Structures are given as C-alpha cells and as structure tokens.
Amino acid sequence: MRNYCDELNKLSPAERITRNLISEYDFECFSASSWNAIHAESVLAAVRKLPFEGSCLDDKLSAASVATSQCLDGIAMWIGQRRRAEVWAGRLFQKCLEEVNGETDDLLMLLNRLDWWVNGVSENDDGLWAIQEMDPIFYFDICVELARMLTATTLQPD
C-alpha cells in the first residue's frame, strides 16, 4: 500500500502548489454542487482574492519557477481528478443511503467514521481497493467528495 504523504512528496513543485490551491479553493470558496461547474481560471481568480493565499501566490509560483499557464494546467488536472472522485463518491453515497435507510442521524454517525466505513467498503470492491492501494491521493479525494455529499445531505432542513 502506498502512503498518502509519500505520494504527496513525489509531486512536482507545480503539482504540489496547484493541489494546495485546489484545497484552498475547496475549503474557502467552493459553493457549486459539482466540480463540473468549476474551471481553472475561476479557481485561480478566487484564490488570488483570498487574504492569505492570494497575497503570496505570485511569490510561491515564482520561487517554484511555475508559470501561470503551468498553474492553470495543474489546477485543471486536479479539477479533473475531483470530477472523477465525485463519480466514485456518488456510488459510495448511494451505498451509504442504502445502509442507513436514509436516516439523517445515522448519516451523521457515518460521517464521523467515514474513513473506517470507506475502508470497509473497499474490502469488497476491487476497484476501490486498487485505488486505495495504488493511488492514495485519489482515494483521499474520493473521501473528501463523499464527505461533501454527506454533509450537504445532513445539513438540509427536514
């Protein structure tokens, strides 16, 4: 099994920077229902407006010798990965709903032990198991997208 942190350390400087930008965008700005509605240019523009990240972004890019075009390409690559993760997360979300019969309280409990639950599902799903073993960064993104779906469902008024 590959280690998530080791895999992050293998990323090029441009990949690391753009992954961090996607994470910042996801945490601070994401409001769409899907990554399909998001484009690299809008991510870069939004992150540039963030107080901390935006103020030092050009310095980070310059220090890593990453051109704006490379930055946009990297952001687009990570958006593509998040889009693929959404597909996997959607399948897992359906399993979650089936397992808890749509009970919001049970979904909240599941959200609190999400890693454990997804790991259990992967033991019976060769495709998910292979992703967990060989691509821990993508596996992490699947879990992030599943958590987003569960959170959106559990926070909706009855």
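Leaving aside its neighbours within four places in sequence, with which residues is Val-100 in contact? Select Val-100 and display its surroundings: apart from those neighbours, Val-100 is in contact with Asp-106 and Leu-107, where contact means heavy atoms within 4.5 Å.

Before continuing, note that this is a predicted model, in which local features need pLDDT of at least 70 and side-chain atom pairs count only at pLDDT 80 or more, while totals for chains, interfaces and linings use all residues. Residues are numbered from 1 along each chain as its sequence is written, and side-chain values use heavy atoms, with hydrogens and water left out.

**The whole protein**

Show the protein as a cartoon. Nine helices and zero strands are present; helices (H or I, at least four residues) and strands (E, at least two) are DSSP runs, numbered from the N terminus. Along the principal axes, the C-alpha atoms fill a box of roughly 50 × 40 × 20 Å. Of the 158 residues, 40% are buried, a term that means under 20% relative accessible area (1.4 Å probe, protein chains only). Among contacts with a separation of 6 or more, 69% join residues 24 or more positions apart.

Return to Val-100, which lies in helix H5 and is buried, with a relative accessible area of 10%. A distance of 8.7 Å separates its C-alpha atom from that of Leu-110, ten residues apart along the chain.

Next select H5 (residues 68–100) and H6 (residues 104–112), whose axes come within 9 Å and cross at roughly 125°. That angle makes H5 oblique to H6. Axes are lines fitted to C-alpha atoms, for helices over the stretch in contact, and angles run from 0 to 180 degrees between N-to-C directions. Angles under 35 degrees count as roughly parallel, over 145 as roughly antiparallel, 65 to 115 as roughly perpendicular and the rest as oblique. Show side chains for Cys-96, Leu-97 and Val-100 in H5, which meet Asp-106, Leu-107 and Leu-110 in H6. By class, this contact of H5 with H6 has five nonpolar, no polar and one charged residues. Ala, Val, Leu, Ile, Met, Phe, Trp, Tyr, Cys and Pro count as nonpolar, Asp, Glu, Lys and Arg as charged, and the others, Gly among them, as polar.

**H2 and its cover**

Select H2 (residues 13–28). Its buried residues include Ala-14, Ile-17, Arg-19 and Tyr-25. The elements covering the buried residues of H2 include H1 (4–10), H3 (40–48), H4 (51–63), H5 and H9 (136–154).

Now centre on Arg-19 in H2. Is Arg-19 buried or exposed? Arg-19 is buried, with a relative accessible area of 5%. Beyond residues up to four places away in sequence, Arg-19 touches several others, among them Tyr-4, Trp-78, Gln-81 and Asp-141.

Residues making the contact include Thr-18, Arg-19 and Ile-22 of H2 and Gly-74, Trp-78 and Gln-81 of H5. The contact of H2 with H5 divides into seven nonpolar, three polar and four charged residues.

**H9**

Finally, select H9. Buried residues here include Pro-136, Ile-137, Asp-141, Glu-145 and Thr-154. The buried residues of H9 pack against H1, H2, H5, H6, H7 (114–122) and H8 (126–134).

Key:
Buried means under 20% relative accessible area, exposed over 50%, partly exposed in between (1.4 Å probe, protein chains only).
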